[in-house]
Amino acid sequence: MKFTDGFWQLRPGVTALYAQEAYDIWHTADTADGEGLVVTAPTARIAKRGDTLNRAVLTTTLSSPMEGVVRVRIAHHDGGAWHGGFELPGATGAGKASLDESGGVLETGALTARITSGAPWDLSFEVDGRRVTGSGHKAQGYVQLSEDAQVDPGIVGDARTGTTVPRGGAYVHEQLDLGVGELVYGLGERFGPLVKNGQSVDVWNADGGTSSEQAYKNVPFHLSSRGYGVLVNDSGHVSYEIGSEAVERVQFSVAGEVLEYFVIAGPTPKDVLSRYTALTGRPPVVPAWSYGLWLSTSFTTDYDEATVTSFIDEMSRRDLPVSVFHFDCFWMREFNWCDFEWDPRVFPEPDAMLQRLHEKDLRVSVWINPYIGQRSPLFREAADQGFLVTRPDGSVWQWDMWQAGMALVDFTNPHATAWYQSHLRRLVEQGVDCFKTDFGERIPTDVVYFDGSDPSRMHNLYTHLFNAAVHEVLVDARGEGDAVLFARSATAGGQTMPVHWGGDSTSTYASMAEPLRGGLSLAASGFAFWSHDIGGFEGTPDAGVFKRWTAFGLLGSHSRFHGSQSYRVPWQFDEEAVDVTRIFTKLKMRLMPYLFQQGVDAAATGVPVMRPMMMEFPDDPAVAYLDRQYMLGSELLVAPVFSAEGEVEFYLPAGTWTNLLTGDEVEGGRWRRETHGFDSLPLYARPGAVIPWGARDDRPDYDYREGLRLRVFPGGEGTRTVTVTTPDGQRASFDIDLDEVTR
């Protein structure tokens, strides 16, 4: 949200007060994290006693919830109830505060926060003794807007959907220095450019597809190329101006009287994400079977058990391994979503059908959402028991978008959550293995929650409660390592309940690039596992798009064929599409010892499986803006082909890189232009890579130690230790002398 009119003026209807000096600094043991500093920051310089009267102050508290993280709390009036921010399972308290004649210092691991006494306001942050950012003159502000203030809140839409923010009211903002050449990443799954400099970003979940500025997964966390990250501890609307208002600063603002954020130390991007996910929650290990190919009914297509069986049998006949079959919305009867009952007209024997699918060695996924349509037999039951979100007058909130008369389950009510979970537990007992948790973005703000939660803060957080309820059912039934979702919406902390997919794209080359940018942005926001709809969702791809997307989609942690009005079985396109599917599905099965270990490592460190180039090569300035290629784990570079002609341009960092498909060696430190057929794409092993290569190509879940090969690639030196973890948790480690071993 922009408050200023150029460098000197405020916009009409805007008044602002800024922290002008650190008037006094107190050492305290009574912060949220224990030891810390409390700073009184008047909104004018205090020259005499009379200046303390009729004067607003901002109170800034510095503390450390864990090593390498500083919590900054800016409060104007602190007497009201605060929403509490996000769950922080890693917050245990750390840090050492001290005072001297120059001001106050809070030290926590590699990170130091330093507040200078007096004027001008100067709060700086250092990583390993190097200043990386800070809050200076007119950075901390308390802003009030009149009802007719001429600001652009950045969010438009229907108030009932929660896609607009009321005008007027109070806001607190912070501005952190943006250095020359400093780049900003993250802020959730965003489908525009990977580098966020120059963008205005609203953290506000929306169902906007992959071709808009809106996002399904909004995370108020950004990652800086200067070796730190920042999490704004607010689940509501957070408005960012990333060098787009004050061009040498990153501004973030929230409505209300309090703004809280965390500065998280690196120095590397991986270090930042490791600390960030330690604070907000690490992803779990996901089951090996979930890495295999997911095949779907698609959305509005006609299907019954005969259709499903024909797809599965034909995939088997054509030697195309499938691990999961997904039933989309119409497994339930139309207008009844959700009643959690199989539509008897098309699935008259669901128990027997699920058993038959399991006998084919398949897992089963079904679609759900957190809404109850009015025609669902469960609607009246939920309404009568107070399990649905209500309006201020006590009536059930309803509307007709998506499902006629639909209402929202109130997951702040533990009884409503248990009721919803009971229906899922019944499905799990019936034979369902996992759930696609769809929607959860269009959450209204003119409502009342059971626990009194602020509706504006619940807008983004609602999906977190929804996914947590579903994930808990699967963990209880299947165990920690065998629970997996396929979720569309999320916010900070959502990485603890994988997998997430990229939402609704169209079936074009241009749209194929959109989820890649979104996935890389999400990876920079701490999400380890990610997928997208191969072939695109809306429309039907031509054969070329489908084949290119298939190669791309099977070189990720999770891979799903899914569409809207048309099927995504490969023979619907051409015979070469069948061959391409076979090549890349079997390649992924061979890579499973490598991919599964990358997932195990992600659960331990928070570093995502699929990652932007800058995360793996932070010291190479040439990779900073790259969003058409990525690293698949630490060792493999993938550059999808986004053209019908097969031409692709990509960059290889320095060293000897080896084409995994052909064995050709090329020197990096330069851009390459290649032309590929549909059965190929740039897939390179980095210098000195060691890739555990599996013995099977028919399934993802096997004992990786049996018949294991270690493919060692040139360009490395010294000794590498390579670990392979099997799906049941057995581990084997190998020490490789790269100076002696050749490929």
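**View 1. Ala523 and its contacts.** Setting aside neighbours within four places in sequence, Ala523 touches Leu273, Pro608, Met610, Arg611, Pro612 and Met615; contact means heavy atoms within 4.5 Å. The model is predicted: local features need pLDDT of at least 70, side-chain atom pairs count only at pLDDT 80 or more, and totals for chains, interfaces and linings use all residues. Residues are numbered from 1 along each chain as its sequence is written, and side-chain values use heavy atoms, with hydrogens and water left out. Ala523 belongs to helix α7 (residues 509-523). Helices (H or I, at least four residues) and strands (E, at least two) are DSSP runs, numbered from the N terminus. Ala523 counts as buried because its relative accessibility is 1%. Buried means under 20% relative accessible area, exposed over 50%, and partly exposed in between (1.4 Å probe, protein chains only). Tyr185 is 338 residues away along the chain, with 9.6 Å between the two C-alpha atoms.

**View 2. Strand β11 is enclosed.** Five of the five residues of β11 (residues 123-127) are buried, so the strand is largely enclosed by the rest of the structure. Leu123, Phe125 and Val127 point one way. Ser124 and Glu126 point the other way.

View 3. Strand β10 (residues 111-116) pairs antiparallel with β11 over five bridges. Pairing requires at least two DSSP bridges between two strands. Arg114 sits opposite Ser124. Six residues separate the strands, and Gly118 in the turn has a positive phi of about 80 degrees.

**View 4. The hairpin of β11 and β12.** Strand β12 (residues 130-135) runs antiparallel to β11, joined by five bridges. Glu126 has Arg131 as its bridge partner. Two residues lie between the strands, and Asp128 takes a positive phi near 55 degrees.
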